[in-house]
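Subject: Structure handover

Hello,

Here is the structure I promised to pass on. Please open it beside this message as you read.

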Amino acid sequence: MKTWLLGTCLALILPSSLAQRPTPAERHLPYSVMRSGLDFSSTDVQALQADQFANPAQHWLTLGNALWQRGSVANGKSCQSCHGDLATGMRGVATRYPEIDRTSGRLLNLEDRIQNCTTKHQQAKPLAPESEALLGLTLSLAQASKGMPLRVAIEGAALAHWQAGANLFTQRQGQLNLSCANCHDQRYGQRLFSDVISQGQPNGYPVYRLEWQTLGSLERRLRSCFSGIRAEVPPWGAPEMRQLTLYLMWRAEGLALEVPAVRK
Amino acid sequence: MSFARIQWPQRIVSGDVVKLRLLVQHPMETGFMQDLNGKIIPRNVLRLLTCTLGQQEVFRVEPSSGISANPLFEFHVRASETAEVVVQWVDDRNTRGELRQTMAVLPRL
Amino acid sequence: MSIAGSRRNWLQRWSRLALTWVVAQGGHGWAQQVSSGQLLSFSEMVEPITQGAGLQRKNVSLSAPILADNGTLVPLSVQVHSPMTEQDHVTHLYLLSQRNPVTLMAVFHLGPWSGIAHIGTRVRLAGTQEVVALARLSNGGFWYDQMEIIVTESACVDAS
């Protein structure tokens, strides 16, 4: 009798607590409604992104391509010497990050991976976050996967990170007590003052954001989201940022990578 | 170092009026913005940009902080013969930049 | 306290308040030597350049979005219908802002070598305002065009 009662109680409680958090099987945004931030942007911003010549992010591409071929001061190795041409050797790479690093077991985003390579294999000093060089290289890497659909792996060791990211996405926080999901899952397409709320997709990063008047990474953008809802901004390099990025990339599965993207 | 790129139509015949597009990498700091520590970022904008075609100056602009970062300038010029386009600019810190590219012009039959 | 004394007190208190109010209006701007937010009149915008010379609203087309959703990058172009000959051409094109801290956004120097008087650029606009495109002609006269551009603010103000 007692066992039956206990069993029933557990059966009633457990599934409901699981249902509060997304699981890999459930998607809040079905594939059919997925839209890039470009769709929510004004015609001027769309025109800026489409302008091959005058897209303001072009300069970083030029820089990134040049840095790809530059031999390091310490050992003369360039990215090219190990990886070959960007277009052929790095095709598809940007669509797979963040991923678990096989050596250290850490979850790395694309910028972390670049840092890993430049410090370990080129024996160079780490590049500062949001530095011209790091942004340029990230953008060039993204360019090699231009137009390809995003596809991150969340099996195995990545699953726990995915779950942490999913929790963060649905958790209310900050003085405004909002979760990412409140706006970007439940209210996309509606207006916040004069802004149209987008789905918060990560398929255009690094992005030339008009607000910043420069190119910036997804981590910078996520930090400004935290700041926007008046939550404490995690420090640069925080694992929760990478976990959130992993969740966002999973959520954005199938969206094409836009390079170089412009957003307001 | 400032990157710049310039573009014009591929096929130009002598006498054509062609549109040139010029994109220069420059933050165009207004002098009104603060960095994350609250310190004012000093003003530094492109204060003069010139473009010569061969021996002739064909464009000059004096921008102010009212021009966006990574400025784009579009202007027109009447082409007569193949000549070198030289764009030069200087900012408030007297840092100079230059871009050279030859404009090929077909003779008019 | 006598009536004169209490009136003096009243006067002092209110004049102090009024003075504070006046300073508060202009104090911040004065501290930064910035006059943004104050909308200039049309003559305040153009007089320093035209200096009383003949000014007509014609032959100039200013193209820009009516609504810019970010004030840091607003694309605009100006075309002047001028033959651009030695005898008759546009010498300068001025882009003027009604409320930016710096009124003169850019000066373009053109000439007969330009073929046509048509320029384009991207400007910063500190809020909704009138923008004037002023063309100086080789004969000393001026033509202009103007338009109001609405600039919206980002809903999420993040110190990013």
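**Confidence**

This is a predicted model. The predictor gives the complex an ipTM of 0.95 and a pTM of 0.86. Chain C has a mean pLDDT of 86. In that chain, 83% of the residues reach 70 or more. One stretch needs care: over residues 26-35 of chain C, pLDDT stays under 50. For that stretch the model has 5 contacts beyond four places in sequence.

**Chain C overall**

Chain C holds 2 helices and 9 strands. Reading from the N terminus, the order is α-α-β-β-β-β-β-β-β-β-β. The chain has 160 residues, and 34% of them are buried. Take the contacts in chain C with a separation of 6 or more: 65% of these are between residues 24 or more positions apart.

**Strand E5 of chain C**

Look at residues 90-97 of chain C, which form strand E5. Of its 8 residues, 6 are buried, so the strand is largely enclosed by the rest of the structure. E5(C) has two partners to look at.

- Strand E8 (residues 129-137) of chain C pairs with E5(C) over 7 bridges, in the antiparallel sense. Here C:His92 stands opposite C:Arg136.
- Strand E6 (residues 104-109) of chain C is joined to E5(C) by 5 bridges, also running antiparallel. C:Leu93 has C:Phe108 as its bridge partner. A hairpin of 6 residues links E5(C) to E6(C).

**A sheet with strands from chains B and C**

Which strands form the open sheet, and in what order? There are 6, in the order E1(B)-E2(B)-E5(B)-E7(C)-E4(C)-E2(C), with antiparallel pairing. The edge strands are E1 (4-7) of chain B and E2 (60-63) of chain C, each pairing on one side only. From one strand to the next, the twist averages 15°.

Chains B and C meet in this sheet where strand E5 (residues 72-78) of chain B runs antiparallel to strand E7 (residues 117-123) of chain C. These two strands are joined by 2 bridges. To find the place, look for B:Glu74, which stands opposite C:Gly120.

**Strand E6 of chain B**

Strand E6 (residues 83-91) of chain B pairs with strand E3 (residues 46-53) of chain B over 7 bridges, in the antiparallel sense. In that pairing, B:Leu49 has B:Trp89 as its bridge partner. E6(B) is also joined by 8 bridges to strand E7 (residues 96-103) of chain B, again antiparallel. There B:Ala83 stands opposite B:Met103. E6(B) and E7(B) form a hairpin with 4 residues between them. In the turn, B:Asn94 has a positive phi of about 65°.

**Chain C against chain A**

How many residues does each chain give to the contact? Chain C gives 14 and chain A gives 16. The chain C side divides into 7 nonpolar, 5 polar and 2 charged residues.

**A helix pair in chain A**

Last, helix H8 (residues 158-170) and helix H11 (residues 239-251) of chain A. Their axes come within 7 Å and cross at roughly 90°. H8(A) and H11(A) are therefore roughly perpendicular to each other. The contact includes A:His161, A:Trp162 and A:Phe169 of H8(A), with A:Leu244, A:Tyr247 and A:Trp250 among those of H11(A). By class, the residues of this contact are 10 nonpolar, 3 polar and 1 charged.

Best wishes

Notes: Residues are numbered from 1 along each chain as its sequence is written. Chains are lettered from A and ligands numbered from 1 in the order in which they are written. This is a predicted model: local features need pLDDT of at least 70, side-chain atom pairs count only at pLDDT 80 or more; totals for chains, interfaces and linings use all residues. pLDDT is the predictor's confidence in each residue, from 0 to 100. Two residues are in contact if their C-beta atoms, placed from the backbone, lie within 7 Å. Axes are lines fitted to C-alpha atoms, for helices over the stretch in contact, and angles run from 0 to 180 degrees between N-to-C directions. Angles under 35 degrees count as roughly parallel, over 145 as roughly antiparallel, 65 to 115 as roughly perpendicular and the rest as oblique. Ala, Val, Leu, Ile, Met, Phe, Trp, Tyr, Cys and Pro count as nonpolar, Asp, Glu, Lys and Arg as charged, and the others, Gly among them, as polar. A residue is buried if 20 or more other C-beta atoms lie within 10 Å of its own, exposed if 12 or fewer, and partly exposed in between; C-beta atoms are placed from the backbone. Two strands pair if DSSP finds at least two bridges between them.
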